[in-house]
Amino acid sequence: MREPNPTLYQLVRGQVLHFLKDPGEHDAADSYQFFPDGALWIADGHIADIGPWVELQARIAPELLARAEIFDYRGKLILPGLIDTHCHYPQAGIIASFGRQLLDWLNDYTFPAEAAFGDPAVAAATAEYVVQRMLAHGTTTASVFSTVHPQSVDAFMASAAKRNLRMLTGKVMMDRNAPATLVDTVADAERDCLALIERWHGKGRLRYSITPRFAPTSTPEQLALAGELYKSRPDLHVQSHLAENPAEIAWVGQLFPNCRDYLDVYRHYGLLGPRTIYGHCIHLAPVEIGEMASTGSAAAFCPTSNLFLGSGFFNHAAASEAGIRVGLATDVGGGTSFSLIRTLGEAYKVSQVHRRPLPPLRAWFLATLGGAQALYLDEFIGNFAPGKEADFVVLDPRATPELDFRLKGGESLAERLFAMLILGDERCVTATHVMGKAAFR
């Protein structure tokens, strides 16, 4: 008698690399596993086994092996799916618009672009484009800003759900200091967020993020609502912006004169803690750094947008030493690419400003398990521990003539990883798999 719902198996062969913890600046040997000829055994979209090809294959019962879908990626590098901890899908159409500084960027490009998302057709078409491009770049999870329009959340969630992706997004809450077409009210935000949470949060692999754009565009009453929503359920997330630009910080000081500093605004309204992540975090005082670490609030490192808008240089090494969870982020569309590989190259350059160069193993940790930890999703994704969801990307370290010429053979793992983050981009992505199944090839 046949099983009513037989288990689906995949066997994946290639150079398998994943991280168990942060390798730090000295490539701690117990922080990662690398199998030059390795394999993943996947059952119903979850990792069932990992190890050297010969050993793992011998552990599989012949009758199960006969049923498995086999992917042979020999010569390619298999990593957990890349994780983008901060991006704006409605800004996909304004990447590479001439930038000045953050507040100019918002008024000149961001707000006009987001106004179009009152049209559900615009939202749906953009969501489809962005999700497809993420997969083409090897990104399987992202913390995504929608717009003030509820239909923008519906569009992105529907596109992600269709592909069974683990994604987070939320309606932007913004009730002041923005164009009239983009502001809501406290009552609007409460109504819309509650409806969207009911519709999408926890459906499949989706999560809802409470999303005040940043402190200057929400009244104290709306920030208080955001804090109440965050505390209303134990698995809701929060995303916003923090300390990106000196003019922004000065503006926050004028708007919230009774708060100690920028971070204290979010603390005052109950928006620090597990599952909260703040983009940029460049210009933080020592007391803010300590409070982020002690509350478990995470930082999204956005090197391409910080360079593009002249905002400054996030100190990843210092933040990590302080105990702050840090993830990597494209910050599209102030960020200049959907590619987290390109973003890693820029992160390395930013780290050189602080004389603390980002080592290659730590860089790829940042794009995988580090991002999962920053988003508090590491119980599900981020590495290939048995039981985790089997999202992974397959990379060709010799995808371009430049990489092929650079990697003549005999290089160490660290050398290959470094060459790829400096010279590589989406052309390195051979395939992206979601819960074991090929989503892009």
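Modeller: Let's start with strand β12, residues 298–301, which is covered on both faces. A298 and A300 are on one side, A299 and F301 are on the other, and all four are buried. "Buried" is under 20% relative accessible area, "exposed" is over 50%, and "partly exposed" is in between (1.4 Å probe, protein chains only). Strands (E, at least two residues) and helices (H or I, at least four) are DSSP runs, numbered from the N terminus. Keep in mind that this is a predicted model, where local features need pLDDT of at least 70 and side-chain atom pairs count only at pLDDT 80 or more, while totals for chains, interfaces and linings use all residues. Residues are numbered from 1 along each chain as its sequence is written, and side-chain values use heavy atoms, leaving out hydrogens and water.

So who sits beside β12? β11 pairs with β12 in the parallel sense, over three bridges, and pairing here takes at least two DSSP bridges between two strands. I277 has A298 in β12 as its bridge partner. To get from β11 to β12, the chain passes through helix α10 (residues 286–295), and this β-α-β crossover is right-handed. That label applies if, with the strands pointing away from you, the path from the first strand over the helix to the second runs clockwise. β12 also pairs with β13, in the parallel sense, over four bridges.

H280 counts as buried, at 1% relative accessibility. Another positive phi turns up at D27, near 55°, and D27 isn't glycine either. D27 is in the loop between β1 and β2 (32–43), and its relative accessible area of 27% makes it partly exposed.

Now follow the chain out of β13. In the loop between β13 (325–328) and α13 (340–353) you'll find G333. The peptide bond joining V332 and G333 is cis, with omega at about 5°.

Next comes the packing of α13. Two packed helices are described by the angle between their axes and the distance between the axes. α13 packs on helix α17 (residues 413–423) at about 100°, and the axes are 7 Å apart. Axes are lines fitted to C-alpha atoms, for helices over the stretch in contact, with angles from 0 to 180 degrees between N-to-C directions. That angle makes the two helices roughly perpendicular (65 to 115 degrees; under 35 is roughly parallel, over 145 roughly antiparallel, and the rest oblique). From α13, I341, L344, G345 and Y348 meet F418, M420, L421 and I422 of α17, where contact means heavy atoms within 4.5 Å.

There's also an open sheet of seven strands to explore. Its order is β3-β2-β1-β4-β14-β15-β16, and the pairing is mixed. β3 (46–52) and β16 (437–440) stand at the edges with a single partner strand each, so one side of each has no neighbour in the sheet. From one strand to the next, the twist averages 35°. At the β3 end, β2 and β3 run antiparallel and share six bridges, with I42 partnered by I47 in β3.

Further in, β1 (residues 9–19) and β4 (residues 69–80) pair in the parallel sense over six bridges, and V16 has I78 in β4 as its partner. β4 also runs antiparallel to β14 (residues 392–395), joined by four bridges, with L77 opposite L395 in β14.

F71 is buried, at 4% relative accessible area. The C-alpha atoms of F71 and V12 are 59 residues apart along the chain, yet separated by 4.8 Å. Leaving aside neighbours within four places in sequence, the contacts of F71 include L11, V12, H433 and A438.

Last stop: D261, in the loop between α8 (246–255) and α9 (262–268). D261 is buried, with 16% relative accessible area. Not counting residues up to four places away in sequence, D261 touches V287 and E288. D261 and R342, by contrast, are 33 Å apart in space, C-alpha to C-alpha, and 81 residues apart in sequence.
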